[in-house]
Amino acid sequence: MKTVHVSRSRLGLFVWASTATISTVVALFSYRYLAGQGPVPQNIAANRQFDPWIAVHAAGAATALLLGPWQFWPGLRARWPFLHRCIGRLYVSGCASGGLAALVLATGLSSGPVAGAGFAALGLAWLMTTGLAVREVLVGRIVSHRRWMIRSFALTLSAVTLRIYLPLSDVFNIEFLIAYRTIAWACWLPNLLLAELYLWRRPTSVLVAHSMTPSKG
């Protein structure tokens, strides 16, 4: 049993490290919109709401993507609860600004209403899951807070899956508009389903144990 526990711990650390690395790379690359530097995909540049909303969205989403993994780092809350709360507030602010800007940008897409509806639904789901996570922690329901934060970050990771699916559509020679309209939904729905599967398989007792980890300071 001890060997199984060690193997799971190593697997968990590998998954966390991989997610944090990819998230950091995508987040830092996305900050280019704030400086007005680097390439801008044609379909994004064609968005009728591009200025200033792409910068607002990039700033919020990139910040949430950059900070999100650290909220799941084992021991952070136990050792540095104040830092955990500060990162959490910044993460929520990033989700709020990124999600609201996403709703505006969804109205200006040049790729049609199907893609617009997909990204608008993502923005709403992102705002809702993050808002519920905040509500739960404010009323002291820590286990429920953790569950909603997992859902929220799964949606934050749509920024990563989007950038995986787009090159794959080129590899398989799928016409751009068809691919983009599909990816507008595919970049986040499977993420949310995987989060639900994880929560379903994850014993509630484990989440309770994590939430009751003694804090210092």
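The second largest pocket of this predicted model holds about 730 Å³ of space. A pocket here is an open set of points on a 1 Å grid over the protein atoms alone, with protein on both sides within 12 Å along at least five of seven lines, and lining residues have an atom within 4 Å of a point. Grid points are joined across faces, edges and corners, and the volume is the space filled by probe spheres set on them. The lining consists of 33 residues, and Ile44, Ile54, His57, Leu162 and Arg163 lie nearest the centre. By residue type, the lining divides into 24 nonpolar, 7 polar and 2 charged residues; Ala, Val, Leu, Ile, Met, Phe, Trp, Tyr, Cys and Pro count as nonpolar, Asp, Glu, Lys and Arg as charged, and the others, Gly among them, as polar.

Helix H4 (residues 50–67) gives this lining its largest share, 6 residues. Helices are DSSP runs (H or I, at least four residues), numbered from the N terminus. The end C-alpha atoms of H4 are 25 Å apart, which agrees with the 26 Å that its 18 residues should span at 1.5 Å a residue; the expected span is 1.5 Å times one less than the number of residues.

Two asparagines sit in loops. Asn47 is found between helix H3 (42–45) and H4, and is buried, with a relative accessible area of 7%. Leaving aside residues up to four places away in sequence, Asn47 touches Leu105, Gly108 and Leu109, where contact means heavy atoms within 4.5 Å. Asn173, in the loop between helix H9 (158–171) and helix H10 (176–186), is exposed at 70%. Asn173 has a positive phi of about 55 degrees although it is not a glycine. Most residues other than glycine have a negative phi, and most peptide bonds are trans.

The pLDDT, the predictor's confidence in each residue from 0 to 100, averages 90 over the protein, with 89% of the residues scoring at least 70. Confidence is highest in helix H7 (residues 113–138), at a mean of 98, and lowest in helix H12 (residues 204–211), at 49. Over residues 211–217 the pLDDT is below 50, and this stretch has 14 contacts in the model beyond near neighbours in sequence.

Residues are numbered from 1 along each chain as its sequence is written, and side-chain values use heavy atoms, with hydrogens and water left out. In this predicted model, local features need pLDDT of at least 70 and side-chain atom pairs count only at pLDDT 80 or more, while totals for chains, interfaces and linings use all residues.

Definitions and conventions: On a 1 Å grid over the protein atoms alone, a cavity is a set of points where a 1.4 Å probe fits but cannot get out, and a pocket is an open set with protein on both sides within 12 Å along at least five of seven lines; lining residues have an atom within 4 Å of a point. Buried means under 20% relative accessible area, exposed over 50%, partly exposed in between (1.4 Å probe, protein chains only).
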